[in-house]
Amino acid sequence: MKIDWAALGSVFGVSLVATVALVGLFTLGIVGLSKQEEAAAQGGSAALARTAAYACFALCAAAVAYGIYLIVV
């Protein structure tokens with residue numbers, strides 16, 4: 001049995017980068033929602049923070065759906 005270490009390292013690197021990016025994007029969505037509540041408490045408009053948070057969550061869902069698509073097809 002021969003292991004292709006370069007391919008294994010490549011898969012590990014891509015998985016690590018994708019995981020960190022997805023978690024970071026989800027974290028930005030949570031921060032955006034918390035800023036929305038903070039802006040509403042101060043009497044300001046929270047539409048931009050809410051829109052950015054929903055965009056982050058939509059991108060997370062799209063990345064997960066694309067991953068499932070890659071597995072199935």
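Predicted model: local features only at pLDDT ≥ 70, side-chain atom pairs only at ≥ 80, totals over all residues.
Residues are numbered from 1 along each chain as its sequence is written, and side-chain values use heavy atoms, with hydrogens and water left out.

Let me begin with the helices, which, like strands, are DSSP runs numbered from the N terminus, with at least four residues of H or I for a helix and at least two of E for a strand. Two packed helices are described by the angle between their axes and the distance between the axes. Here helix α1 covers residues 5-41 and helix α2 covers residues 47-72, and they pack at an angle of about 155° with axes 8 Å apart; the axes are lines fitted to C-alpha atoms, for helices over the stretch in contact, and angles run from 0 to 180 degrees between N-to-C directions. The two helices, α1 and α2, are therefore roughly antiparallel, a label for angles over 145 degrees, whereas under 35 counts as roughly parallel, 65 to 115 as roughly perpendicular and the rest as oblique.

Which residues of α1 and α2 meet? On the α1 side they include L22, F26, G29, L33 and Q36, and on the α2 side they include A49, R50, A53, F57 and C60, where contact means heavy atoms within 4.5 Å. By class, this contact of α1 with α2 has 15 nonpolar, 3 polar and 2 charged residues; Ala, Val, Leu, Ile, Met, Phe, Trp, Tyr, Cys and Pro count as nonpolar, Asp, Glu, Lys and Arg as charged, and the others, Gly among them, as polar.

Is Q36, at 18% relative accessibility, buried or exposed? Q36, which lies in helix α1, counts as buried at that value, given that buried means under 20% relative accessible area, exposed over 50% and partly exposed in between, with a 1.4 Å probe and protein chains only. Leaving aside neighbours within four places in sequence, Q36 is in contact with A46, A49 and R50. By contrast, L48 in helix α2 is exposed, with a relative accessible area of 72%, and its C-alpha atom is separated by 8.7 Å from that of G32, 16 residues apart along the chain.

Turning to the aromatic residues, the structure holds 2 aromatic pairs, meaning rings of Phe, Tyr and Trp (its six-membered ring) with centres within 6.5 Å, where planes under 30 degrees apart count as stacked, over 60 as edge-to-face and the rest as tilted. The rings of F26 and F57 have centres 5.2 Å apart and planes at 55°, so this pair is tilted. It links distant parts of the chain, with F26 in helix α1 and F57 in helix α2, 31 residues apart. F26 is partly exposed at 42%, and F57 is partly exposed at 23%.

The rings of Y66 and Y69 have centres 6.3 Å apart and planes at 25°, so that pair is stacked. Y66 and Y69 are 3 residues apart in helix α2 and are therefore separated by about one helical turn.
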